[in-house]
Amino acid sequence: DSLSIGGNHTMHVLRRNVDLTLLLFNNEIYGLTKGQASPTSRRGTRSPSTPRGSIDTPIAPGAFALGAGARFFARGVDVQQAQLVDVMTRAHAHRGAALVEIFQNCVVFNDGVFDEFTARPVVDDNQLYVKHGQPLRFGKGGVRGLRVRPGTLLLEVVTPGEDGVTDDDILVHDEKDLTLAGMLVQLKPPIFPVAVGVIYDHPARTYEADLMAEVESELARGQDFAALLASGQTWER
């Protein structure tokens with residue numbers, strides 16, 4: 001519901017940078033009711049509300065968050081507890097709005113929907129755990145990585161040691177780079193791995209800080225509010 005009936009609230013919390021930590025449990029279904037299709041359900045999802053398959057284009061939480069002006073976006077997987085704890089700790093420490101998307105399996109209504117990048121046989125090849133200042137490498141032993149395709153602004157998967165690719169070609173994660181974050185949140189199998197971890201963290205002044213600064217500025221003026229109310233017309237063109 002954070003992207004449905006509550007989408008309006010989520011958007012304005014993010015753009016205002018209200019000091020809140022939002023945990024978005026994404027199982028691509030309405031798993032707490034009767035398994036209806038949700039805003040993140042993929043096209044073709046069959047459910048009680050979409051018996052012939054959903055015809056809606058799903059919302060991408062990462063793209064939504066960054067587009068709304070979020071200063072912190074991260075992802076984790078429900079069963080990968082060590083990584084998830086680290087991500088949630090970072091989100092809690094962030095001052096301002098922080099959105100964490102948690103990929104959560106719904107064993108009743110949508111079982112295995114994230115198996116393509118969370119199942120044990122494929123997790124190394126189809127999942128990329130990003131860390132600030134570390135190369136964007138994945139696969140068993142980090143044998144593959146991401147680089148910007150020469151002459152473009154597109155990411156591609158490469159293997160150092162092949163086709164003239166070296167370790168220096170692999171992108172290093174910069175969690176303050178909004179352009180890179182925008183590319184990482186769009187990646188998905190089978191061509192790319194899904195990026196998890198802290199994808200974007202670039203703090204800014206919070207809504208509360210600006211609001212209280214405005215209040216304190218007015219208090220410093222020493223305005224007598226009762227006198228103002230009794231002063232007659234105050235509007236000036």
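Two strands are taken to pair if DSSP finds at least two bridges between them, and the strands themselves (E, at least two residues), like the helices (H or I, at least four), are DSSP runs numbered from the N terminus. The model is predicted, with local features needing pLDDT of at least 70 and side-chain atom pairs counting only at pLDDT 80 or more, while totals for chains, interfaces and linings use all residues. Residues are numbered from 1 along each chain as its sequence is written, and side-chain values use heavy atoms, with hydrogens and water left out.

On this basis, β5, β6 and β7 form an open sheet in the order β5-β6-β7, with antiparallel pairing. Its edge strands, β5 (137-138) and β7 (155-158), each pair on one side only. Strand β6 (residues 144-148) runs antiparallel to β5 and is joined to β5 by two bridges, and R137 stands opposite G145 in β6.

Elsewhere, strand β3 (residues 98-103) holds E101, which counts as buried because its relative accessibility is 2%, the limit for buried being under 20%, with exposed over 50% and partly exposed in between (1.4 Å probe, protein chains only). Apart from neighbours within four places in sequence, E101 is in contact (heavy atoms within 4.5 Å) with L24, N26, P61, G62, F73, A74, R75 and G76.

Helix α7 (residues 207-220) contains Y207, which counts as partly exposed because its relative accessibility is 35%. Together with L211, M212, V215 and L219, Y207 makes a nonpolar surface patch of about 450 Å²; patch residues have over 30% relative accessible area and no salt bridge, and nonpolar side chains (Val, Leu, Ile, Met, Phe, Trp, Tyr) are joined within 5 Å, like charges within 9 Å. A salt bridge is a side-chain nitrogen of Lys or Arg within 4 Å of a carboxyl oxygen of Asp or Glu, and accessible areas come from the Shrake-Rupley method with a 1.4 Å probe, for residues with only the protein chains shown counting as cover.
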